Amino acid sequence: MATAAQLQAAAPPAASREPLNILLLYADDWRHDTLGVAGNPVVRTPCLDRLAAGGVRFARNCVTTSICGVSRANLLTGQTMSRNGCRGFSRFNTPWAETYPGLLRAAGYHVGHVGKWHNGLFPAERYDFGRSYHGKHWCQRADGSPVHVTQRNEEDALEFLATRPDDKPFCLTVAFFATHAEDHNPEQYLPQPGSLSLYEDAFVEPPTNATSDSWERLPRFFDAQNEGRNRWTWRFDEPDKYQRMMKNYYRLATEVDAVCGRLVEELRRQGELQRTLVIFTTDNGYYHGEHGLADKWYPHQESIRVPLILLDPRLPDDRRGDVSDALTLSIDLAPTMLAAAGHDAPAGMQGEDLAPLYLTSEAADWRHDFFYEHPTIRSKDFIPASEALVERDWKYFYWPAHGVEQLFHLADDPLEEKDLVNDPRHAKRLQTMRTRFAELKAAAR
């Protein structure tokens with residue numbers, strides 16, 4: 001992969017700039033700290049760490065719904081679940097002409113998607129280059145030979161970059177399946193053989209609140225029927241199993257990191273890196289046993305916070321390597337990509353262009369809170385609906401199927417273990433957050 005110095009090479013003057021190419025690297029089931037540069041003491045992500053060193057990393061980036069299908073619909077439309085209508089894994093209601101790939105293709109971009117889709121039938125005819133697959137770590141090439149899904153992601157992405165027309169800007173979304181578990185396989189995470197020596201001698205420290213006490217502090221409707229608890233038994237209920245699962249999870253992450261590095265290097269080799277906006281992010285966070293849970297769905301920080309790195313050739317040299325504390329969202333990426341292409345976002349998009357946060361010398365007027373929402377999946381016992389008002393230092397939960405509220409002071413309680421909803425000292429705060437919650441919930445539609 002290109003070195004940090006190469007990534008920081010001078011960009012063309014703004015006055016001569018044409019619409020940027022776009023490479024969106026979109027991983028699966030990575031939380032915000034599944035990165036070496038974010039302080040993870042075990043996982044190695046050297047390529048993404050270099051990307052962050054040459055670009056900008058958003059440390060408080062979140063999703064507005066933490067589940068594969070809805071989060072992908074939110075990314076495509078720049079809209080929340082309440083507006084785009086996707087409440088699981090089906091097609092969203094927003095017209096294709098108002099999605100970022102639809103708008104960019106109409107504007108003359110060569111548009112590609114490779115990898116995971118998860119929003120109903122893949123609309124291959126809407127793309128110039130479209131290949132959709134996910135669900136298993138090992139699959140087959142067209143000739144029937146076995147290939148790991150991450151290797152297939154790489155091959156397809158490199159084919160797109162090799163065959164794209166030279167006279168058109170491009171937008172490629174690489175939707176990795178890793179690090180998502182292969183849910184019906186008892187081993188869950190199946191890395192490539194060459195990665196098995198990674199982390200052999202490491203010890204993955206379980207979270208301090210991966211305990212039965214934390215599980216029992218969840219609302220009483222969390223029981224053995226809850227899918228988060230069910231998947232915890234698949235992965236994390238025994239110490240040796242925890243180590244095996246987490247090491248293989250991290251191996252999958254390092255494999256994705258290597259592919260990201262090779263794709264960025266290919267852009268540099270083609271002379272396109274200084275004309276390309278490169279974005280790395282993921283569809284949702286992930287519990288590593290916190291609260292006695294696995295997977296995602298609920299409004300805890302482990303579930304809703306995801307990594308976001310942007311390498312933008314317009315970025316001033318003195319801003320490269322910055323870490324932004326702004327409260328950014330997954331729905332901001334569609335308008336950000338459209339703006340980089342010189343295209344206005346449609347009025348229905350609810351996200352905001354991120355570029356002013358790192359291209360201007362003065363702090364932009366930016367959001368201070370947001371509304372989180374998640375639908376019931378299957379039943380309120382399996383995955384119950386959840387909603388939240390998320391602020392920098394406080395969080396209000398509402399579980400609509402059960403009429404249960406919670407209140408957490410993130411500044412003092414980042415692990416969200418001390419529910420203050422019945423504490424009279426915080427009654428005024430609770431009422432204020434209820435009011436703001438209702439305002440943002442109404443605005444999300």
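Two strands count as paired if DSSP finds at least two bridges between them. Strands (E, at least two residues) and helices (H or I, at least four) are DSSP runs, numbered from the N terminus.

This is a predicted model, where local features need pLDDT of at least 70, side-chain atom pairs count only at pLDDT 80 or more, and totals for chains, interfaces and linings use all residues. Residues are numbered from 1 along each chain as its sequence is written, and side-chain values use heavy atoms, with hydrogens and water left out.

**View A. Strands S3 and S4 run parallel.** S3 (residues 110-115) pairs with S4 over 4 bridges. Look for His 113, whose bridge partner in S4 is Gly 130.

**View B. Here's the open sheet, 8 strands with mixed pairing.** Its order is S4-S3-S7-S1-S8-S11-S2-S12. S4 (129-132) and S12 (322-324) stand at the edges with a single partner strand each, so one side of each has no neighbour in the sheet. From one strand to the next, the twist averages 15 degrees.

**View C. Helix H2 (residues 46-54) lies across S2, S8 and S11.** These strands span 56-58, 276-282 and 308-311. H2 runs at about 60 degrees to S11; such angles run from 0 to 180 degrees between N-to-C directions, with axes fitted to C-alpha atoms, for helices over the stretch in contact (heavy atoms within 4.5 Å).

**View D. Cys 68 is in no disulfide.** A disulfide here is a pair of cysteine sulfur atoms within 2.5 Å, and the whole structure has 0. The nearest cysteine sulfur to Cys 68, that of Cys 86, is 11 Å away. Cys 68 is buried (under 20% relative accessible area, where over 50% is exposed and in between is partly exposed; 1.4 Å probe, protein chains only), at 2%.
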